[in-house]
There are 2 protein chains.
Amino acid sequence: MFKKKDMYTVAVVGATGAVGNEMVSILDERDFPVSELKAYASERSIGKKIDYKGSEIPVNGLTESAFNEVDIALFSAGSDSSRQWAPVAASNGCVVIDNSSAWRMDPEVPLIVPEVNYEEILKHKGIISNPNCSTIQMVVPLKAIYDEVGIERIVVSTYQSVSGSGQKGVNELSEQVTDLLNLRDVNAGVYPHQIAFNCLPHIDEFLESGYTKEEMKMVNETKRILGDDSIGITATAVRVPVFMCHSESVNIETKSRISANEVRALLSSCAGVTVFDAPERDVYPMAIDASGRDDIYVGRIREDDSVDNGINMWIVADNLRKGAALNAVQIAEHLIDLT
Amino acid sequence: MFKKKDMYTVAVVGATGAVGNEMVSILDERDFPVSELKAYASERSIGKKIDYKGSEIPVNGLTESAFNEVDIALFSAGSDSSRQWAPVAASNGCVVIDNSSAWRMDPEVPLIVPEVNYEEILKHKGIISNPNCSTIQMVVPLKAIYDEVGIERIVVSTYQSVSGSGQKGVNELSEQVTDLLNLRDVNAGVYPHQIAFNCLPHIDEFLESGYTKEEMKMVNETKRILGDDSIGITATAVRVPVFMCHSESVNIETKSRISANEVRALLSSCAGVTVFDAPERDVYPMAIDASGRDDIYVGRIREDDSVDNGINMWIVADNLRKGAALNAVQIAEHLIDLT
């Protein structure tokens, strides 16, 4: 049972990964009330140290007793690890906020984007799920529109950065670019094909339907977070040679009419969203600007007259921050506030 | 008046540009019946030489007499130059095939993609327009679907390479990447912002509606080429850090139902299209594969159940070849065949 305290023992599981690393930074940046930070990771990282508020925290492997006296565990160590260890942590009375896809569609596990459905947090039974990065950045602005005029259908195409594959994705793009500039052959390991100067319409595994798991996460998680299965959603997820931040081209068919100006006004007062939309001055959201920032940037807002009630927009956010680590820490903050 | 001959005097206007250069190569590759090749360009290229079938062709500036005795002029020197010089060439009895946007929406000027509407070629009055690169690669597969089941609406998001901005776009991406890898500041000149490791939702100028000219070219030219103003089309055009080839995520709402397998079969027998669609073996169209190729590659074909009759696909083509120079030369070939 999670109890209100002044300070909390927090564990970060997957602490040496790209998201885990960001979780540790964000706990620090936001002055999260941490009495003790514990860092866990897979075997190959045991013995490493991570830096937190100027002190070195040793990285340990997970054991049955790892979560004794831990209040909140932020997991970002992959689905297999989450499936194995999140129930162990939860049964120790710890609240797990899990960044993997393991529990996202489990009806017993709340799937939370605080700006959208923070009140669902208290329904947790020890595990709270953090949605997919591409879903989080889309669903915050969508929620404002959904509440105002309803949503009939969404067609989204993504432009996702290599940091979504972790540090190894970042390294692969960097190495391939360097190899190409030096006229050397390119090696592909993380991705099935060269990502440098290329676009791969392929993120996560392919399903029999021809869709990827990533595309179906956007479809299913968006419906679950908005609490409306009747919304039509289709997604095409594409990896682009960008290091940080995901961009999304989102076409929305609303139930009743809303003008581009009304959408701009609506999103301007939406928590966690910054409208960045002045094309006449070449102002629109871009990956290089959103990197390291907390907000979701929305621009290129315009009416689409190919349907009765259409809106196009371009959404960019830091996939490691709002798309993952920041959202997880915000869930923890709301958990404390609500308790 | 264009007359059938064994060989033709051909002029390439804008011969030193990225598309002009490709036009010269393609005339050679396809053994176009050229008796004499004349090369024209803007002032700063006068005196340069271009290579054609092993001989050096001097590059001259345009004059009133430049088109005397020229049968076919392939223009790719920008809209201003086309507006000024295409009528001069046409009044000299030369047929102009123009790659700029200057005449594309002029009802007196046929807008041609040979696989779609070659029979319109003979309606020309001296000028034939080559569509926008992003439009050409989309409209060929769309035409097959349109003829089979009708099209209600299209939502397209593009992933366009820097070669669409000519050699200067290629140079800018290359220089920026090199600067970043060497920890030097990046200079943006061709694009308003850094394109290296970034996505710019901005191609061509912005209109008051919030759409770019590029986006509206895709909307208006597609309707004109398919000869159907009732199709709903909306586009988001995005520049990505890729050197060659444009990729497109295209969502199609058809008038009656068609399965993904039927689309695959239909496109497999479609001239100019190669279906490249075996996700279980990581086979899908990619910019790095389509570069230097003539065909339009289509993959990720899958049913979209967010509407009654939806299909998603991913289309990739070499924007300098089928998107520009090859299509222009194919128009010239059909002009000869039809005469």
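## Reading helix packing, contacts and domains

User: Let's start with two helices: which residues in α4(B) meet which residues in α6(B)?

Analyst: Two residues are in contact if their C-beta atoms, placed from the backbone, lie within 7 Å. Here Ser134(B), Thr135(B), Met138(B), Val139(B), Leu142(B), Lys143(B) and Tyr146(B) in α4(B) meet Glu214(B), Lys217(B), Met218(B), Glu221(B), Thr222(B), Ile225(B) and Leu226(B) in α6(B). By class, that's seven nonpolar, three polar and four charged residues. (Ala, Val, Leu, Ile, Met, Phe, Trp, Tyr, Cys and Pro count as nonpolar, Asp, Glu, Lys and Arg as charged, and the others, Gly among them, as polar.)

Bear in mind that this is a predicted model: local features need pLDDT of at least 70 and side-chain atom pairs count only at pLDDT 80 or more, while totals for chains, interfaces and linings use all residues. Residues are numbered from 1 along each chain as its sequence is written, with chains lettered from A and ligands numbered from 1 in the order in which they are written.

User: How do I describe the packing itself?

Analyst: Two packed helices are described by the angle between their axes and the distance between the axes. Axes are lines fitted to C-alpha atoms, for helices over the stretch in contact, with angles from 0 to 180 degrees between N-to-C directions. Helices (H or I, at least four residues) and strands (E, at least two) are DSSP runs, numbered from the N terminus. For α4 (133–149) and α6 (213–226) of chain B, the axes come within 10 Å and cross at roughly 40 degrees.

User: Is Asn60(B) buried, exposed or partly exposed?

Analyst: Count other C-beta atoms within 10 Å of the residue's own, all placed from the backbone: 20 or more is buried, 12 or fewer is exposed, and in between is partly exposed. Asn60(B) has 17, so it's partly exposed. You'll find Asn60(B) in strand β4 (residues 55–60) of chain B. Beyond its neighbours within four places in sequence, Asn60(B) contacts Ala39(B), Tyr40(B) and Ile46(B).

User: How many residues does each chain bring to the contact between A and B?

Analyst: 48 residues of chain B touch 48 residues of chain A. On the chain B side, elements giving two or more residues include α5 (167–181) and β12 (296–304). That side divides into 25 nonpolar, 17 polar and six charged residues. The predictor gives the complex an ipTM of 0.97 and a pTM of 0.97.

User: And what are the domains of chain A?

Analyst: Bounds come from an automatic or database domain assignment. In chain A, domain 1 is 8–131 + 324–338 and domain 2 is 135–319. Their centres, taken over C-alpha atoms, are 25 Å apart.
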